[in-house]
Amino acid sequence: MATYIVTSDRLIWKRGTVLDATDLGDVNIDGLIDGGHISTHSVKKPAKTKTNETED
Amino acid sequence: MATSVYLSNPNVTINSVSLQDQCTSATVNYVYEQLETTAFGDTARKFGGSTVTSLQNNSIEVELYQSYAGSETEATIYGLVGIQTTLIVAPASGVVGATNPFYTLVGAYLESHTPINASLGELSTVTLTFTGGVLTKTTS
């Protein structure tokens with residue numbers, strides 16, 4: 001599911017809050033993006049760490 | 001004793017964006033279309049009835065100061081023309097309650113907008129009329 005980050009101070013959510021479509025309900029998401037109130041938010045996957053397991 | 005309402009700090013939210021500080025006027029019209037149910041034998045015209053439910057025909061009209069700054073009036077409104085959105089209007093900015101009911105219009109359509117409405121020496125304003133949608137009143 002797409003997530004969005006709040007980028008203005010005019011929403012009921014504080015700036016920086018991450019929302020998904022469920023949180024936004026009946027709100028027109030494109031309108032909020034066009035207005036600069038939210039922007040799409042991509043979650044970075046954590047880098048894979050190599051495990052140095054040795055077999056006995 | 002009768003009481004009157006002095007609106008100084010109403011809550012106006014358009015598409016979840018609070019434009020309270022740009023708004024100077026808000027009117028919520030709650031309408032059910034009038035259907036005539038007069039029949040033979042009646043001596044006066046009748047409209048509606050306990051078993052007749054007509055369509056809502058609601059609208060909200062707001063007047064806003066125009067601003068082209070980021071996240072302000074123009075940025076918020078321009079993208080809403082021709083689509084449906086949700087508006088919330090309340091008499092005051094406090095929490096919802098019996099004395100501060102929230103009127104929510106879901107699925108309201110904005111047909112037109114006036115991006116430039118400027119006169120020399122005056123603050124630019126825009127008047128918007130959102131029509132259609134289902135109006136609900138929340139008191140808790």
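**Close-ups of a predicted two-chain model**

**View 1. Ser16(B) in its loop.** Ser16(B) sits in the loop that links strand 1 (11–14) and strand 2 (17–18) of chain B; strands here are DSSP runs of E, at least two residues, numbered from the N terminus, and helices are runs of H or I, at least four. This is a predicted model, where local features need pLDDT of at least 70, side-chain atom pairs count only at pLDDT 80 or more, and totals for chains, interfaces and linings use all residues. Residues are numbered from 1 along each chain as its sequence is written, with chains lettered from A and ligands numbered from 1 in the order in which they are written. Though not a glycine, Ser16(B) has a positive phi of about 70°. Ser16(B) is also buried, with 26 other C-beta atoms within 10 Å (20 or more within 10 Å is buried, 12 or fewer exposed, in between partly exposed, C-beta atoms being placed from the backbone).

**View 2. Ser71(B), another serine with positive phi.** Look in the loop between strand 4 (59–65) and helix 1 (73–77) of chain B for Ser71(B). Its phi is positive, about 65°, and again the residue is not a glycine. Ser71(B) is partly exposed, with 18 other C-beta atoms within 10 Å.

**View 3. The open sheet of chain A.** Three strands line up as 2-1-3, with antiparallel pairing (a pair needs at least two DSSP bridges). Strand 2 (18–20) and strand 3 (38–41) of chain A are the edges; each has a single partner strand, so one side of each has no neighbour in the sheet. Strand 1 (residues 3–6) and strand 3 of chain A run antiparallel, joined by four bridges, and Val6(A) stands opposite Ile38(A) in strand 3.
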